[in-house]
Every structure is written in C-alpha cells, then in structure tokens.
Amino acid sequence: MPTGGTNLRLPVVHTLKRDFTFADNNLTLEMGWAPVGATVIRGGVVVSTAFNAGTGNVLDIGTAADPDGFATDLALGTIGVVAADEMGTTNDQGPFTADTQIVCVPQLSGTAATAGVGRAWVELIIEPDLHT
C-alpha cells in the first residue's frame with residue numbers, strides 16, 4: 001500500500017534499508033516506498049555474516065515491478081559491502097511518477113543455509129517540495 005514515502009523536506013540523500021537473514025530465502029522483502037519524484041542513485045548490501053547455502057548465495061534489489069532493476073545476483077557468500085551492479089544501466093531509477101515500492105530478494109540454493117545476515121539499502125534523492 002503506498003504510503004507517500006518519507007520526505008524530510010530537506011536537500012539530503014534519503015535511504016531505505018532492509019535487514020534480512022538466511023531464513024528469508026526467496027522472499028520478496030519490502031525495503032520501503034520511494035515517493036513521487038524520487039530518484040534512486042545508489043544501493044547495495046552489507047553482509048555481516050556470510051551466507052552458506054550449498055550452491056548460490058545472491059541478492060537482487062529493485063522495484064516491486066522489476067525486483068532486479070538495481071542489482072542482480074549480488075554475492076552474499078563473504079562479508080563486506082557489495083555495491084549495486086545495475087545502477088549504471090537501469091531504467092528503473094526514476095524520477096518516479098507514483099509512489100514506488102522498493103524490494104530485495106535473497107536467493108539461496110543448494111544445501112540449505114544455516115547462517116547469513118545482511119542489510120540491503122538504496123539511496124535516493126527527493127524533491128524537497130517545501131511549499132506544498
């Protein structure tokens with residue numbers, strides 16, 4: 001359900017984030033809503049505990065309409081910060097003409113994972129719209 005997103009009404013970079021674990025495998029997780037006029041400029045994932053599924057440990061980030069529009073198959077198998085890999089070519093970044101749901105999808109395959117903790121994020125700029 002659109003919420004209008006968060007707008008501090010200041011010229012600052014805003015963020016949306018979502019913490020997730022190995023238990024969230026293949027779930028489409030809501031990170032939040034980007035309001036009308038917002039443009040996503042960066043994103044990625046911080047892996048604080050490596051994911052250990054047997055074959056694949058990856059994450060997609062994007063909009064509800066295109067869940068891998070900002071990042072496709074970001075590696076979750078080692079700790080660290082992994083930048084979104086699709087930002088240079090995405091056509092999903094906005095500016096949005098409607099409130100837009102931002103999501104991430106952890107995808108683990110092979111032997112079931114028993115560990116893994118991450119935080120996905122996107123950064124967006126928003127029209128301050130101070131006078132309406």
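Student: Is Asp 19 buried, partly exposed or exposed?
Tutor: Asp 19 counts as partly exposed because its relative accessibility is 35%. Buried means under 20% relative accessible area, exposed over 50%, and partly exposed in between, with a 1.4 Å probe and protein chains only. This is a predicted model, where local features need pLDDT of at least 70, side-chain atom pairs count only at pLDDT 80 or more, and totals for chains, interfaces and linings use all residues. Residues are numbered from 1 along each chain as its sequence is written, and side-chain values use heavy atoms, with hydrogens and water left out.

Student: How many salt bridges are there?
Tutor: Three. The term covers a side-chain nitrogen of Lys or Arg within 4 Å of a carboxyl oxygen of Asp or Glu.

Student: Which residue forms one with Arg 119?
Tutor: Asp 19, at 2.5 Å from N to O. Arg 119 lies in strand E8 (residues 117-125) and Asp 19 in strand E1 (residues 13-21), 100 residues apart. Strands here are DSSP runs of at least two residues, numbered from the N terminus.

Student: And Lys 17, what does it pair with?
Tutor: Asp 19 again, with the closest N and O atoms 3.9 Å apart.

Student: Switching to Glu 123: what is its partner?
Tutor: Arg 42, at 2.8 Å from N to O. That pair links strand E8 to strand E3 (residues 39-49), 81 residues apart. Glu 123 counts as buried because its relative accessibility is 16%, whereas Arg 42 is partly exposed at 43%.

Student: Which residues end up in one network?
Tutor: Lys 17, Asp 19 and Arg 119, through salt bridges that share partners.

Technical notes:
Helix = DSSP H or I, 4+ residues; strand = E, 2+ residues; numbered from the N terminus.
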